[in-house]
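Biologist: I'd like to learn how to read a structure like this one. Could you walk me through it, starting with a helix and its neighbours?

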Amino acid sequence: MTNISANTRLAGVIGWPIGHSKSPLIHNYWARKYQIDAAYGVFAVPPGRMPEAVRGLAALGLAGANITVPHKEAALVGADHPDALATRIGAANTLVVRPDGTIAATNTDVFGFIENLRQGAPDWQAAAGPALVVGAGGAARAVIVGLLDAGVGQILLTNRTLVRAEGLAAEFGPRMKVLEWSQRHAAVADANLIVNTTAAGMHGQPHLDLDLNAIQPAALVTDIVYTPLETPLLADARKRGVMTVDGLGMLLHQARPSFKAWFGILPDVDDHLRALVLAA
Ligand code: ATR
């Protein structure tokens, strides 16, 4: 644990509930590794109190904060300077207090998702074929923006509740193609990349019901769920000889630009950090 003094730069994660966040482990590890006099805590902020919490960051002299469920939309609204990316996604996961006390907002989930894919599967080519995205919640928005910006030609989007997928497709434009939930198994055959953005497959949740029988041998499968590290979807893909990328890296990589924005150094994801977070 850092020795906290009046000079220590402080940041933290804001959410509700927030008990299981791994972010303190990640950022405090980096503070030690790079010998930065910084510390990162946890702020349980109930729904409705985000406007006060956002203002409070500057009043308390914090460097900034990460924002998680359910406050990412409120963080965007409450910030003075939301950037274009966060605005496009409709959610902010990082707030930065500027020297004049105003609050900038950005979203590093896109970076986390794409960087994890690039490191886990360096041969993956965005333009090589359509991506099948399962789910249409908040996490899907960052994944879709990341894939569009990476140059994916077509996103096949499917969601249990069709209308949510249709809403995202209308928002994100002509490269989006909505498939009914019943079409998801057949769509597997067309996809060069398959992404689960739903909570299905997480400990305590049902498995994702997606039949990989028709999957292309050269396809790539990734999951934003990282508890367990190998979800049933990823295990199924691996048994078929298909390449997979787990979701832990997205969590670790999304933290990097936040740390840089507050403390000035873009940190690395190393094996020690992965092990530390896995063991927690
Ligand atoms: P988040 O912000 O984490 O993405 P969310 O906005 O609640 O959370 O969205 C959760 C997503 O997971 C939704 O796409 C949801 O489908 P619905 O829109 O039909 O609710 C999806 N989801 C959750 N559990 C699922 C399951 N067991 N099978 C399929 N989809 C599931």
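Modeller: Start with helix H9: its buried residues pack against strand E10 (193-196), strand E11 (220-223) and strand E12 (243-245). Helices (H or I, at least four residues) and strands (E, at least two) are DSSP runs, numbered from the N terminus. Bear in mind that this is a predicted model: local features need pLDDT of at least 70, side-chain atom pairs count only at pLDDT 80 or more, and totals for chains, interfaces and linings use all residues. Residues are numbered from 1 along each chain as its sequence is written, and side-chain values use heavy atoms, leaving out hydrogens and water.

Biologist: Which residues of helix H9 are buried?

Modeller: Buried means under 20% relative accessible area, exposed means over 50%, and partly exposed is in between (1.4 Å probe, protein chains only). In H9, which covers residues 232-239, the buried ones are Leu233, Leu234, Ala235 and Ala237. After H9 comes glycine 241, with a positive phi near 80 degrees.

Biologist: How do I read aromatic pairs, and how many are there in the whole structure?

Modeller: Rings of Phe, Tyr and Trp (its six-membered ring) pair if their centres lie within 6.5 Å; planes under 30 degrees apart are stacked, over 60 edge-to-face, and the rest tilted. A search of the whole structure turns up four such pairs. One of them joins tyrosine 40 and tryptophan 262: it is tilted, with 5.9 Å centre to centre and 40 degrees between the planes. That pair links distant parts of the chain, with tyrosine 40 in strand E2 (residues 38-44) and tryptophan 262 in helix H10 (residues 248-263), 222 residues apart.

Biologist: What sits over the ring of tryptophan 181?

Modeller: A charge sits over a ring if NZ of Lys or CZ of Arg is within 6 Å of the ring centre and within 35 degrees of the ring normal. Here the charged end of arginine 184 does so, 4.1 Å from the centre of the tryptophan 181 ring.

Biologist: And the overall picture?

Modeller: The protein has eleven helices and twelve strands. Of its 280 residues, 50% count as buried. Along its principal axes, the C-alpha trace spans about 60 × 40 × 35 Å.

Note on methods. Contact means heavy atoms within 4.5 Å.
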